[in-house]
Amino acid sequence: MKVRTYRSASPTSRVGRMVFFAVVLMIAVFASVPVSGSAQASYQPCTNYRVTTQWGRVEVDTRPAGADSIGNIAWAMFLNDISHTPGRYDYQVLVNGKSILTDTVHKDDNLHMTIPRYQRGHYVYESGDEIQVIASHAPGDVLYVTPINRCTVPYTAG
């Protein structure tokens, strides 16, 4: 989704940007909550998963880590207009609709990351769990917000 805003309407202070991101995040989370039934049954596996928009794409895949064939979820947001890629990205990682991480990062290229399955002594997601990342990026007078990109962690042979 590419939303045009006027510079005067854009939050310029740190607090203003944080409030703005919180509002965008709340809208995205509420808009993506399933009404009823099991959400996990209707999403594609996080293997070569791609959501394409007018402004770019989101890609999700799995990466092995040691003996774990799904040790990491690789997640990336690619913008078509590469002149817009540098700057601040705000994002939140959700597992089964619960936030496991909210962060801000400054990048000189597209936003990309890996989400390790095993963190701080325990597993943060299992096979069948739903992964989603909500991210926003505002270079100049354009606001990029990720499309809904839910996918499920594939099942491992075992």
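**Figure 1. Surface and fold of the predicted protein model.** The model is predicted: local features require pLDDT of at least 70 and side-chain atom pairs pLDDT 80 or more, whereas totals for chains, interfaces and linings use all residues. Residues are numbered from 1 along each chain as its sequence is written, and side-chain values use heavy atoms, with hydrogens and water left out. Of the 158 residues, 43% count as buried, that is, under 20% relative accessible area, with exposed meaning over 50% and partly exposed in between (1.4 Å probe, protein chains only).

**Figure 2. The disulfide between Cys-46 and Cys-151.** The structure holds one disulfide, defined as a pair of cysteine sulfur atoms within 2.5 Å. The sulfur atoms of Cys-46 and Cys-151 lie 2.0 Å apart. Cys-46 belongs to the loop between helix H1 (14-32) and strand S2 (49-52) and Cys-151 to strand S12 (residues 151-152), so the bond ties together parts that are 105 residues apart in sequence. The torsion about the S-S bond of Cys-46 and Cys-151 is about 100 degrees, and the disulfide is therefore right-handed. Cys-46 is buried at a relative accessible area of 0%, and Cys-151 is likewise buried at 0%.

**Figure 3. The largest nonpolar core.** This core has 27 residues, and Trp-75 and Met-77 have the most contacts inside it. A nonpolar core is a set of buried Ala, Val, Leu, Ile, Met, Phe, Trp, Tyr and Cys residues joined through side-chain atoms within 4.5 Å. Strand S4 gives the largest share, five residues. Trp-75 touches residues including Val-58, Leu-111, Met-113 and Val-133, a contact being heavy atoms within 4.5 Å.

**Figure 4. Salt bridges.** The whole structure contains seven salt bridges, each a side-chain nitrogen of Lys or Arg within 4 Å of a carboxyl oxygen of Asp or Glu. In one of them, Asp-68 pairs with Arg-117, the closest N and O atoms being 2.7 Å apart. Asp-68 lies in strand S4 and Arg-117 in the loop between S7 and strand S8 (118-119), so this pair links parts 49 residues apart in sequence. Both Asp-68 and Arg-117 are buried. Salt bridges that share partners join Arg-50, Arg-57 and Glu-59 into one network.

Terms used. Helix = DSSP H or I, 4+ residues; strand = E, 2+ residues; numbered from the N terminus. Lists of a residue's contacts leave out its neighbours within four places in sequence.
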